[in-house]
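Subject: Structure for your review

Dear colleague,

Please find the structure below, followed by an account of what was found in it.

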Amino acid sequence: MGRGKERVQIQFTDFDLHLPHEPPRDCDSVDAVMVFITINGQKERVDNFCGNKLPAQLMSNGPSMLVEFRSYHSSPEVKGFRAIFKFVTDFGIYAARQDSQSVCGFNFNSEDRSNGTFTSPNYPGLYPRNTECHYFFKGRPKERVHITFNKFDVDGIPPCTTDTASDYVEFSNFRTVDRGYPRHCGVKKPKFIESQGDFFRVTFKSNDKFDGTGFEALYHFKPYIDQSAVQRISSTSVNSTSSDVVAVSTYTLILVPLVMMMVINV
């Protein structure tokens, strides 16, 4: 049981439970660790874990989490489990300053750092359910932020709407929704993203249904280069060069016959 904005984070360091045969679906009727959270006042199961595969790192959606250990057998060949628990308020996101006006909000300022990494909550473990996090990128004037995703596993089916019960990642050049960007979910990584101004927002939202490992992304603030201006400058340079070549060629055509006439006369 945590307090206020605290979330429970659990990391298993050892896991070895008696398993007489292949694990049945949902680890029923065998030794298991069961993990539950509370959603809308109801106890909901995150998952059951059995055998000797180390479970992913877990995080609650609120200040509480219930872990139950169930055993049917005792065996000297297995040692059980060991886990570390923490009460955290940063959602397991360590690379930025938290936004004081948001429950799960983080500020990335170019003045503090020009590039780095940001992740979904509790990454690389399972992200918590019923969670919404915002990542605010603030560049210097005439800077743009470039974002590239290395890992992406957000439960859902494109176009990632509530009709498909999808979690999603959303982009915006404003603090409100930007209709110019589609939502992203599933395992296909979003393509390279570039902001249209010196402010950009990334939103991650999960529902109360399923889990995923989330995402890991790189960000980089870069000066904005006006490509149209570059093209105009290039065109001007090419025209100037062409004029110089024509002038030199004309001068050469006039000079060569004069030299030849002088040689003949000699």
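Over the ring of which residue does the charged end of Arg175 sit? That ring belongs to Phe136, and the charged end of Arg175 is 4.7 Å from its centre. A charge is counted as over a ring if NZ of Lys or CZ of Arg is within 6 Å of the ring centre and within 35 degrees of the ring normal. Arg144 likewise lies over the face of Tyr224, at 4.1 Å from the ring centre.

Please note that this is a predicted model, in which local features need pLDDT of at least 70 and side-chain atom pairs count only at pLDDT 80 or more, while totals for chains, interfaces and linings use all residues. Residues are numbered from 1 along each chain as its sequence is written, and side-chain values use heavy atoms, with hydrogens and water left out.

Strands (DSSP runs of E, at least two residues, numbered from the N terminus) pair if DSSP finds at least two bridges between them. Strand 2 (residues 32-39) is joined to strand 3 by seven bridges, antiparallel; Val35 has Asp47 in strand 3 as its bridge partner.

Yours sincerely

Definitions and conventions
Helix = DSSP H or I, 4+ residues; strand = E, 2+ residues; numbered from the N terminus.
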